[in-house]
Amino acid sequence: GIVLVVLLVGCTQPPAEKAQDVCEASCSCLDAGAPPSTLDTCIDEQCLPQLPPVTDECLDCVFAHDQVCTDLYAQCTDLCLPVDQTPLAGGM
């Protein structure tokens, strides 16, 4: 997986792809054993609609911490979900 991360971070990704990557990591953490259909619902209906444009800093953080969910949320939430957003019930 490390080679893939280096390749992905080294390339310029389109905004939609960045958002998809961030949401996949986030939703995988929320329900680790979920079937793919549940994961897709989380990504498409819960994460993507509320995610602001993904910065390179957010994406780099997600790639660096996506193996440990507590680290992902602790390190990346502020980078990926700026504080000026209205908090969402049950969100990150």
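Start by selecting Cys42, which is buried, with a relative accessible area of 9%. The model on screen is a predicted one.

**Stop 1: Cys42 and its partner**

Cys27 lies in helix H2 and Cys42 in helix H3, so the bond ties together parts of the chain that are 15 residues apart in sequence. Look along the S-S bond: the angle about the bond is -80°, and the link of Cys27 and Cys42 is left-handed.

Is Cys27 buried or exposed? Its relative accessibility is 2%. The cut-off for buried is under 20% relative accessible area, so Cys27 counts as buried. Cys42, at 9%, is buried as well.

**Stop 2: Asp31, in the loop**

Now select Asp31. This residue is found in the loop between helix H2, residues 15–30, and helix H3, residues 36–47. Asp31 has a relative accessible area of 39% and is partly exposed. Partly exposed covers the range between the buried limit, under 20%, and the exposed limit, over 50%.

Draw a distance from the C-alpha atom of Asp31 to that of Cys42. The two residues are 11 apart along the chain, and their C-alpha atoms are separated by 9.3 Å.

**Stop 3: the whole chain**

How many helices and strands does the protein chain have? There are five helices and zero strands. Read from the N terminus on, the elements run α-α-α-α-α.

Switch to a surface view. The protein chain exposes about 6000 Å², and carbon and sulfur atoms supply 60% of that area. Of its 92 residues, 29% count as buried.

The contacts of the chain can be sorted by distance in sequence. Among contacts between residues at least 6 apart in sequence, 60% join residues at least 24 apart.

**Stop 4: Cys29 and Cys69**

Return to the cysteines and select Cys29 together with Cys69. They form a disulfide with sulfur atoms 2.1 Å apart. The angle about the S-S bond is -90°, and the link of Cys29 and Cys69 is left-handed.

Check each end of the bond separately. Cys29 counts as buried, at 13% relative accessibility. Cys69 is partly exposed, with a relative accessible area of 29%.

**Stop 5: Cys61 and Cys76**

Select Cys61 and Cys76 next. A disulfide joins them, with an S to S distance of 2.1 Å. Cys61 lies in helix H4 and Cys76 in helix H5, so the pair ties together parts that are 15 residues apart in sequence. With -90° about the S-S bond, the link of Cys61 and Cys76 is left-handed. Cys61 counts as buried at 8% relative accessibility, and Cys76 counts as buried at 2%.

**Stop 6: where H2 meets H4**

Select helix H2 and helix H4, the latter spanning residues 56–65. Their axes come within 10 Å and cross at roughly 35°. The crossing of H2 and H4 is left-handed.

Show side chains for the residues that make the contact. From H2 these are Lys18, Asp21, Val22 and Ala25, and from H4 they are Asp56, Cys58, Leu59, Val62 and Phe63. Coloured by type, the residues of this contact divide into six nonpolar, no polar and three charged.

**Last stop: the disulfides together**

Finish by selecting every cysteine sulfur. How many disulfides does a search of the whole structure find? The search finds five. With bonded cysteines counted along the chain, the pattern of the disulfides is 1-5, 2-4, 3-8, 6-10, 7-9.

Key:
Residues numbered from 1 in each chain as written. Predicted model: local features only at pLDDT ≥ 70, side-chain atom pairs only at ≥ 80, totals over all residues. Heavy atoms only, no water. Helix = DSSP H or I, 4+ residues; strand = E, 2+ residues; numbered from the N terminus. Buried < 20%, exposed > 50% of the residue type's maximum accessible area, 1.4 Å probe, protein only. Contact = heavy atoms within 4.5 Å. Areas by Shrake-Rupley, 256 points an atom, 1.4 Å probe, with all protein chains shown as cover. Axes fitted to C-alpha atoms, helices over the stretch in contact; angles between N-to-C directions. Left-handed = near helix turned anticlockwise from the far one by under 90°. Nonpolar A, V, L, I, M, F, W, Y, C, P; charged D, E, K, R; others polar. Disulfide = S-S within 2.5 Å.
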